[in-house]
Amino acid sequence: MILFRRSARPGRKLRALALGLPALLATALLPLAATPASAEPTRGGVLRFLVEHEPTTLVTIAHTAGPSTRVSPKVTEGLVTYDFDFKPQPALATDWSVSPDGLLYTFKLRPGVTWHDGKPFTAADVAYSIKLLRDHHPRGRGTFAFVTEVDTPDPLTAIIRLSKPAPYLLAALDASESPIVPKHVYEGTDPLTNKNASAPIGTGPFVFKEWVKGSHVLLERNPNYWDSGKPYLDRIVVRFIADLSARSAAFETGELDLGGGPPVARSDLARLQALPHLGSDTRGYEYNGSMTQLYFNFDNPILKDKRVRLAIGHALDLNRLLNVVYFGYGKVAPSAISPYLTNFSDPSIKPYAFDLGKANKLLDEAGFPKKADGTRFSLRLYCNPFNGQAAGDFVKQALAKVGIAVDFQFFDFSTYIQKAYTSRDFDLTLESLSNTFDPTPGVQRVFWSKNFKIGLPFSNASHYENSEVDRLLEAAAVEPDTAKRRALWTDFQRFIYDDVAAIHLIAPDGVTLFSKKVKNHTLGVAGINASFADVYIEK
Amino acid sequence: MSAPLILSKSAPLIAAMSARLIPSPRVLKALRRSLLQAIPTVLIIVILNFFLLRLAPGNAADVLAGEAGAATAETMAALRARFGLDLPLMEQLFAYLGNLAQFSLGQSPRYNMPVAELIGQRLPNTLILMLLALGGALAVGIAAGAVMAAFAGRWTDRALSVLALLFYSIPGFWIGLMLIVLFSVKLGWLPSGGAETIGAVHSGWDAALDRARHLVLPTVSLALFYVAIYARLTRGAMLEVKAQDYIRTARAKGLSPAAVTIRHTLRNALLPVTTMAGVHLGGLMGGAVVVETVYSWPGLGRLAYEAVMGRDFNVLLGILLLSSLIVVAVNALIDLLQATLDPRIEVR
């Protein structure tokens, strides 16, 4: 939306240059003096933080929607955080160890931590939270499924006992994924309706102040935070702006300091990135492992033929998809595991070559010759609205070139979930299934035959069934040895690729937009879903 | 003739109108009748809405699980049970009607709070926006219409007609965005969204001024479409009335042109405008959805939109019930107002 361009009158430009020149010289001469000052974080200031949509809850103990994961960690912390290599860093836990058989996780907890209501934080809170996660959290039910007991030999030690190894467990302890909540607030209540969800009490650097529905959440500095001196900010104003263009305008006018997502339309990003007061960062989304995939409905006899599926693979030009639909913000991702999950993704897998001749030949061989009208057969295509309509249009046009007539239907989110996972009347669907922090919770659900569950969102709606894949998935889920587990996942990716079980397309980049005065907003794989204890605003 | 003149001279008219609005037995009877008619009407609306909403594919549990990006069969079952979606449809309806009978709008499963509270938080924001927009649109529209009628066929009329046509045809969201681009991004005069400067500690005059600054752009965006309608309506009605015999009589009596225009022409021409304004008050809610989204205005329209997207039917039913009540009430009010403007109209 560039309808009014700033008219720069030549006179004004010259004057600006004349004024700017001495300033430029001054900054050129001063770097030595200036560097230490800017490296020292400054106390104070208000951060105006954009959360794209209003969350339904402010604590991710029983629900994990994107907006909630942005707000929750500021108030409610986790046991650890993760750096850019997915390496755990101390948070509420200062030290941890895993037994060689992978069945015992011991956490030493940070002493002297208090909840925002003044009560002390102890191992009992950790034990209670882990059990809540196991029983109520959408992903935690899987992650902590094998937890039999959490022992608390002393107030600062928590030992998680498992019945089977859960090698992804140590990656699941980020505040956004597995928050530690106060036992005394939740005990004896239904965690789904507990008032803490809308007025949270945590141990985090920020204390919940108010939530005006439809408008904002206000968080105040916690003066008693365990990391003394932090947080640097006085206050965080969390604003919800539903309209993409309105978000662009708010960034442009300087009414927002920080937001992620990307928070604005990808077509608008380049214009905003060019503004002198704004910076952007694509790091800090690895924990989410975003992916865009094309899934088949294996109950359709046409798609049971591997040649047809491979032909569809050869008909899609992934680089073009990335540049046209995603404006280049992302990576081509041909493997079943997102390239953001660097510990598991197999970089040797390359996209099916873009080759229309080959695609046509495969379809001819499969027994679907072109009819008089130039088409071979028709398929129904759905698209998760999160991907945007353009992605569906792209696939439709690409497949038309090889004679597959695509009936593309685009719905709102709720209708899509219902149609794709309950009534399942699709042949192809463009899904946007995040791989999360580990392929067991993130990828297994799509290809595991035992997860074909009608009516369950993000399950194996393809109805893909393969005993070899099942074996690999089940082995990888309980393999405590890192190298062996990685090998299992490598085999799995190769198998899915060779079988054309799905076509994996793009790993879209998240993009954080920030005012250049805001520092330390992205310090690990959780990005702006971190606690913000380290964030400061340069004066 | 200029707009301020009309406004100052219309003061006695308004005084006369309010004097007549003091309830007489006739009016009270009419109000009682409206109230009695309203109860079955609203009940039918509630039941129809209830079934209509169930036609939408997907439910609140699907959406919540979808948003979470993960789910297990157990979480889905727990969500359905919590929202009462596992009950038979008729049982759900009777449960809802039972709630209503106790003046409760039920609970929002999505936000985990009572619907009445959720609506109550948003209602003032939307009401102030709607009333300001409608009031502003009426004032400006009628003034512009009167000017157009007075200069019918001349360039003032033509220019205003073109402007009205533009306002009528440009979609509200686009006007909203363009106003933001001009007044917030380029000129930096007004904030681009929100209802107040959050986190700023304002009090007294500063707080009121801050709110007013946030109100300007949304109100204008919402009002422009209606300004166009009222201007055209007033113009047409005034031209029609001007040709009536009693206007000639009034002139012949030697009344000043201003008195003729305001007391005789405008007053009679207001009838169709008030009818439309009454209808629009209900329709404004639709416009409010768009404007509230563009300006991140924490109002009822946005809540309704989010309730649709989240399949939060209890909230949606509550909003629909409230809007139908408002429409019924406004219709009754408009009937009374019309009877005041034109004593020949019977209050039924």
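Biologist: Two strands pair if DSSP finds at least two bridges between them. How do strands β4 and β5 of chain A pair?

Modeller: β4(A), residues 93-98, and β5(A) are antiparallel, with five bridges. Strands are DSSP runs (E, at least two residues; helices H or I, at least four), numbered from the N terminus. This is a predicted model: local features need pLDDT of at least 70, side-chain atom pairs count only at pLDDT 80 or more, and totals for chains, interfaces and linings use all residues. Residues are numbered from 1 along each chain as its sequence is written, and chains are lettered from A and ligands numbered from 1 in the order written.

Biologist: Which residue does Trp96(A) bridge to in β5(A)?

Modeller: Phe107(A). Five residues lie between the strands of that hairpin, and Gly102(A) there has a positive phi near 75°.

Biologist: Which residues of β5(A) are on the covered face?

Modeller: Tyr105(A), Phe107(A) and Leu109(A). Leu104(A), Thr106(A) and Lys108(A) make up the uncovered face.

Biologist: New topic. What about β17(A): buried or exposed?

Modeller: Leu428(A) and Leu430(A) point one way, Thr429(A) and Glu431(A) the other, and all are buried (20 or more other C-beta atoms within 10 Å of their own, placed from the backbone; exposed is 12 or fewer, partly exposed in between). β13(A) joins β17(A) antiparallel by four bridges, with Phe296(A) opposite Leu428(A). β15(A) runs parallel to β17(A), with three bridges.

Biologist: How many residues does each chain give to the contact?

Modeller: 49 from chain B and 49 from chain A, counting C-beta atoms, placed from the backbone, within 7 Å.

Key
Contact = placed C-beta atoms within 7 Å.
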